[in-house]
Amino acid sequence: MADKILAKDKLGDFLGKLQADYEVYAPQEVEGKPQWAPVEESDKVLWDFSNTHTSPKDFFFPQTEIMMRFKNVQDHENGMVMEAEPPLANKRLLFNIRPCDAKAFQVLDLIFVQDEMTNDLFWKDKRDKTTLVGLACSDPCPSCFCTSMNCGPASTTGLDALVFDLGDKLLVRALTEKGEAVAEGLDDAAEADQAAAEEQTKAAEAQISSSVGMDKVNERSVMELYEAGMWDRVYENCLNCGTCTYVCPTCHCFDIQDETQGESGRRVRNWDNCMSWLFTMHGTGHNPRGAKKDRVRQRFMHKFKYIPVKRDGEIGCVGCGRCVLLCPVNIDVRRVVNDMNA
Amino acid sequence: MKSLLEYVGIEPGRLHFSWISSAEATKFQETVVEVTESVKALGPAKHMIKDIRKVA
Amino acid sequence: MEAVAQKIRETAAKLLSEGKVDCVIGYAQGTVPMRDYPYFAYTPEEAQNLTWSPFCCNNLANFLIRRPKGEIGKVAIVAQGCVSRSIVGLIKENQIAREDVYILGVPSPGMVDRRKVQDRFPLKTITEVTVDGEDLVVKGKDFEERIPQKEVRRDNCYTCVQRNPVIVDEMMGEEGPSDWGGNIDAVAAPWEKLEPGERWEAFIDEVDSCIRCYACRDACPLCYCHVCFVDEAMPQWCGKTQDEADVATFHILRAFHCAGRCTDCGACESACPQGIKVRRFTSKIEKDIRELYDYSPGMDLEATPPLSVYRPNDPQEFIK
């Protein structure tokens, strides 16, 4: 499909039409911060923002997710009735998602949906029913380093369509069938608009001021990196809180628990994180990651070595910079990776 | 604790503290009556309830 | 400010080169604006990275207890009023020994609340913040503005009652005034002003963005339990879900465990990625402690913490 053009003052009509088929969400100002929220008025949709405060991963991987419910029933042959949670009722559309967040979901697809045996129904259901319309970055932050992480301000991976903000109009580029369904009916873009979008992307790429080296990380063996002396300093001031993992679009660890109330109960999975000692605590009392250093090392090794080794060079980080901004003790992932790469 | 719970909006009268010796049977009986009456008067608890049953 | 930083660097380098301490815990300049971070200097060269600024929002006393025992010997630590009070608390609770810590005392300038600065520039990206006398110079891509520091300090810094360290081995600057004139009792426990029926809603409204990362707990020098109550698995006191009751339980109990111990350093609020005003709980508890026992934690190495002793005249109005 050719690139399409949409006048910004027609956005209300455009989104209104989509709302007949989708629940539409977009970044809006909530309590002073850019946050994901259902679109009610199209003029509340943000255009001039860096990225949402927290990542949109909870659209696919909610912090607390019910997996099934169960109930003791005496006269049932199993003594118990189990009931799956219903799948997502409606199609959803995330409008103006940043390319880095969409890229993160493509990385997570490789983990949640691998083969017949490793096929996370909860993740897949929501992914299948959600359309991602991205907004290319024209003004990346100093904390962004996407271009070092297989990503970029106009990266299309994981997106169904990509929108370029050209001031009073939007260039809409459909990338998948889902995206074509969204762009259908719009007028074709002029060549000048396409050129403007390309120019904007080049300028944005040039504006990304921080870069991270991965060449030596890729070259070195797992054990060489694991035993590197730099870990002795990285963890020193870490609080072992879960901030970095919970604001991260690619961190995806969880804990499954059964909760009961009387004769009935539910199985829930909650976000968990490798910074917590409890996460790896064994029933025997042994903890393979018993020390803070082990846990801090795990987070970075997982993202920058284990995932690349197991997933054909994909990196478990997209360079969104949220952890850089929100870590209470300024453990800067760029500095850590550069140390790993030194 | 009592003060903190009331501060966050738990009704006064839901949490009671008493010091009763094992020999004070009457005081125990009176306190139980008082506590149950006070809590009954407040009705079912509205806060700090985790109901995991499916909402019908 | 820079003179204090220089003095810290010089003193730290001297202590390290003379072998008086193995490590100096201070702050270094962060990689993002307004986020100077806890830094461990082991050599006189590393001591040159130490800094002192209104962006030092972590409580360094935290790092006296969160290190594996025996890993470092004697340490020097940069301590302003609240941090020194936390050190006093840790000594009283037998977590550290006075002789193992060499305290480099600094008068606190009052720390800047980075959220208050960000709120002046909604949705904009701040690229640089520098200190110029009493002002901050805030720069972004298309703006540059001066903001008086006194307008954007952390809430707890306005009502600080002891900006100067209460125990010290060596001062890194002249003692300043002990407070800013703010009255903690006037602003503590803000929900007391609400009707009882409105409080729960205010409470839930405050914590509903909580992501259970526990940064508030982990940033706190009081929270040194080997196993925190939220991490207990048998029994599991607190559910792991985002259910209102689970989140509420965490916040109420975390605060309750700090009763009679909190020095109002504000590290919890500064650490929270969601900007939750967690001091609304601890300020209530400490106000009660002041009213009931006339006690402020960490002010005096000799004073007995009221909740660790029984006195026949302890208030007991709550017991029937």
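A residue is called buried here if 20 or more other C-beta atoms lie within 10 Å of its own, exposed if 12 or fewer, and partly exposed in between, with C-beta atoms placed from the backbone. The views below show a predicted model, in which local features need pLDDT of at least 70, side-chain atom pairs count only at pLDDT 80 or more, and totals for chains, interfaces and linings use all residues. Residues are numbered from 1 along each chain as its sequence is written, while chains are lettered from A and ligands numbered from 1 in the order in which they are written.

**View 1. Ala189(C) and Asp294(C) have positive phi values.** Most residues other than glycine have a negative phi, and most peptide bonds are trans. Ala189(C), with phi of about 50 degrees, sits in the loop between helix 6 (184-187) and helix 7 (196-207) of chain C. Helices (H or I, at least four residues) and strands (E, at least two) are DSSP runs, numbered from the N terminus. Ala189(C) counts as buried because it has 21 C-beta neighbours inside 10 Å. For Asp294(C), phi is near 50 degrees, and the residue is found in the segment after helix 11 (279-293) of chain C. Asp294(C) is exposed, with 8 other C-beta atoms within 10 Å.

**View 2. A cis peptide bond joins Met234(C) to Pro235(C).** Omega is near -5 degrees here. Look for Pro235(C) in the loop between helix 8 (215-218) and helix 9 (244-256) of chain C.

**View 3. Chain C is assigned two domains, domain 1 (2-113 + 153-308) and domain 2 (114-152).** These bounds come from an automatic or database domain assignment. The domain contact takes 9 residues from domain 1 of chain C and 13 residues from domain 2 of chain C, where contact means C-beta atoms, placed from the backbone, within 7 Å. On the domain 1 side are 4 nonpolar, 2 polar and 3 charged residues. Nonpolar covers Ala, Val, Leu, Ile, Met, Phe, Trp, Tyr, Cys and Pro; charged covers Asp, Glu, Lys and Arg; the others, Gly among them, are polar.

**View 4. Chain C meets chain B through 21 residues from chain C and 18 residues from chain B.** On the chain C side, helix 7, helix 9 and helix 11 each give two or more residues. Helix 9 of chain C supplies the largest share, 6 residues. By class, this side of chain C has 13 nonpolar, 1 polar and 7 charged residues.

Definitions and conventions:
Two residues are in contact if their C-beta atoms, placed from the backbone, lie within 7 Å.
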